Amino acid sequence: MVERFLRKTSFTSVDDYNENFEFIVPENFNFAYDVMDVWAEEQPDKLALLWTNEQGVEIRLTFADLKQRSDQAAAYLQQLGIGRGDMVMLILKRRLEWWISMLALHKLGAVVIPATHMLTKKDIIYRNERASVKAIICVDDSYVLSQIKEALPESPTVKSIVVVGPETAQHCDLQNPIFHSWHDEINSAPEFHRPNFVNTNDDFMLMYFTSGTSGEPKMVVHDFLYALGHLTTGVFWHNLKKHSIHLTVADTGWGKAVWGKFYGQWFAGACVFVYDHEKFNADNLLRQIEKYRITSFCAPPTIYRFMIREDLSRYDLSSLEYCTTAGEALNPAVFDKFYAQTGIRLMEGFGQTETTMTLGTMPWMTPKPGSMGMPNAQYDIHLVKPDGTPCEDGEKGEIVIRVDKKKPLGLFKFYYRDDEQTRRTWYDGYYHTGDVAWRDQDGYYWFEGRIDDVIKSSGYRIGPFEVESALMTHPAVVECAITGVPDEIRGMVVKATVVLGREWKDKAGDDLVKELQQHVKKVTAPYKYPRIIEFVDELPKTISGKIRRVEIREKDNHQ
């Protein structure tokens, strides 16, 4: 499969990859037809999706099964009037139908808007209005449906609500013509015939409302080549093979789902493993890895932090061959503990909702704990100072992607219906990520934080991540967030908001505060130590699991 889309398909070094990586870009590329249906034709019996849930239900689908089900769903949605360019929002948690719907909507040339099940009425109205959503496919969840129903009077563009699940009749009025039951209606769909024209490479394929750390969500639009851009994610960064059984921990409402549960994994011909659960529990997750002999695993650092608090010797993790992490920067202490307990080095990757993987630790690289890795060859990455001049090694600057020659494959098109926001990030020949990092003499990049997260104290510029990493090496700390608090003398001082391990919670107090402060002074430069430490039960986070430092700052400013 990969040889259809790359000039060279295997690499042995950073130089080899940088010099020889090149896409073969088909005309009018469509992932559902050009990858998934081809697999169905060439390897129909190959296991493609292994889905299970907390109740122990198991569903195994081959590539042939996925073709049959996605064709059927495409015909059904076609009957409801959905076609090229129509905006369709998916609120499906980790239900099997998310994967079927994604493929079906690609086959119709429609625009998919994945969304989280935690949206409120206000959130849904905002999305329906801003994106002119035509249809919503959602779970038969009482909360989700109540919010959708309450949003409908202020959502005139919505023409169909398709509800997935056996409890559909219980939660919505099927007498209302706007509501449809997926399971009651899909089997009567006619035979699917591919539309005469589905899409160009430039057409909208996918749109995300970003779970930003501040402000209203922006609409990130990706074209049909975005899927092709994720080939590197699965084939190289995840290092997947046809025999691989890959598990990425991500809600389908978050962009990380297509990073780890969809495009790149199926380019490699791997099996995507899905564990449909309501609430994360490290023990349950480890049991799934053990039971289903997962070979490849990817999760944000938060998940690994909780996993290493378990006694990993209680689980048979011998099937694991490769582990990766993304979503936030990885603290070196987490890398070290996981490696000590499993013998597996975590390979970090970095990107945004607006991109595919822009920096990463590839299989031919030796990971440096805490480093994001090196630039992915499909992007022209630079570090620039505030005045736009390039950074030397060791200097902190903003990560930017060069766009003046051409738009890199995998980079978003623009912020939909928001020219001003697009202009604020696309200028001077670069897309500005808003993320600050520095580069070492070997070419590895090290994350510092968002531009607005950097703390200026007594003339020093302090990145939150370096202090968080220092704190994370103390055995009491499960998670922490570093923010700046206004100070009359120093301008700002460093504050740490800390989640303690179970066995440390009753020790929270002045003595532990002093111990943590002294610990940071020993691990990193003393001027970075947190002068204020607050102990909390949990940190505020976005839908995608990123720490909302802005919420901590706002709370402090209002006290």
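A word on the model before we start. The model is predicted, so to speak of local features we need pLDDT of at least 70, side-chain atom pairs count only at pLDDT 80 or more, and totals for chains, interfaces and linings use all residues. Residues are numbered from 1 along each chain as its sequence is written, and side-chain values use heavy atoms, with hydrogens and water left out.

Let's begin with the sheet. Three strands form an open sheet with mixed pairing, in the order 25-26-27. Helices here (H or I, at least four residues) and strands (E, at least two) are DSSP runs, numbered from the N terminus, and two strands pair if DSSP finds at least two bridges between them. Strand 25 (477-487) and strand 27 (532-536) are at the edges with a single partner strand each, so one side of each has no neighbour in the sheet. On average, neighbouring strands are turned by 25° against each other, direction ignored.

How are the strands joined? Strand 25 and strand 26 run antiparallel and share 10 bridges. They make a hairpin, with 3 residues between them, and V477 has L500 in strand 26 as its bridge partner. As a general point, strands of a sheet pair through backbone hydrogen bonds, either parallel or antiparallel.

Is strand 25 enclosed or open? It is largely enclosed by the rest of the structure, because 9 of its 11 residues are buried. Buried means under 20% relative accessible area, exposed means over 50%, and partly exposed is in between (1.4 Å probe, protein chains only).

Now the helices. Helix 18 (residues 510-523) lies across strand 25, strand 26 and strand 27, at about 120° to strand 27. Helix 19 (residues 549-557) also packs on the sheet; it touches strand 25, strand 26 and strand 27, and its direction makes about 45° with that of strand 25. For these angles, axes are lines fitted to C-alpha atoms, for helices over the stretch in contact, and angles run from 0 to 180 degrees between N-to-C directions. Contact means heavy atoms within 4.5 Å.

Have a look at R549, which is found in helix 19. R549 counts as buried, at 9% relative accessibility. Leaving out residues up to four places away in sequence, R549 touches E328, D453, P464, E468, I482 and T483.

Finally, the rings. The structure holds 38 aromatic pairs. Rings of Phe, Tyr and Trp (its six-membered ring) pair if their centres lie within 6.5 Å; planes under 30 degrees apart are stacked, over 60 edge-to-face, and the rest tilted. F11 and Y17 are edge-to-face, with centres 5.1 Å apart and planes at 75°. Y76 and W182 are edge-to-face too, at 6.1 Å centre to centre and 85° between the planes. Y76 in helix 3 (residues 63-79) and W182 in helix 8 (residues 182-185) are 106 residues apart, so this pair links distant parts of the chain. Both Y76 and W182 are buried.

One last stop: the charged end of K521 sits over the ring of Y529, 4.2 Å from its centre. That requires NZ of Lys or CZ of Arg within 6 Å of the ring centre and within 35 degrees of the ring normal.
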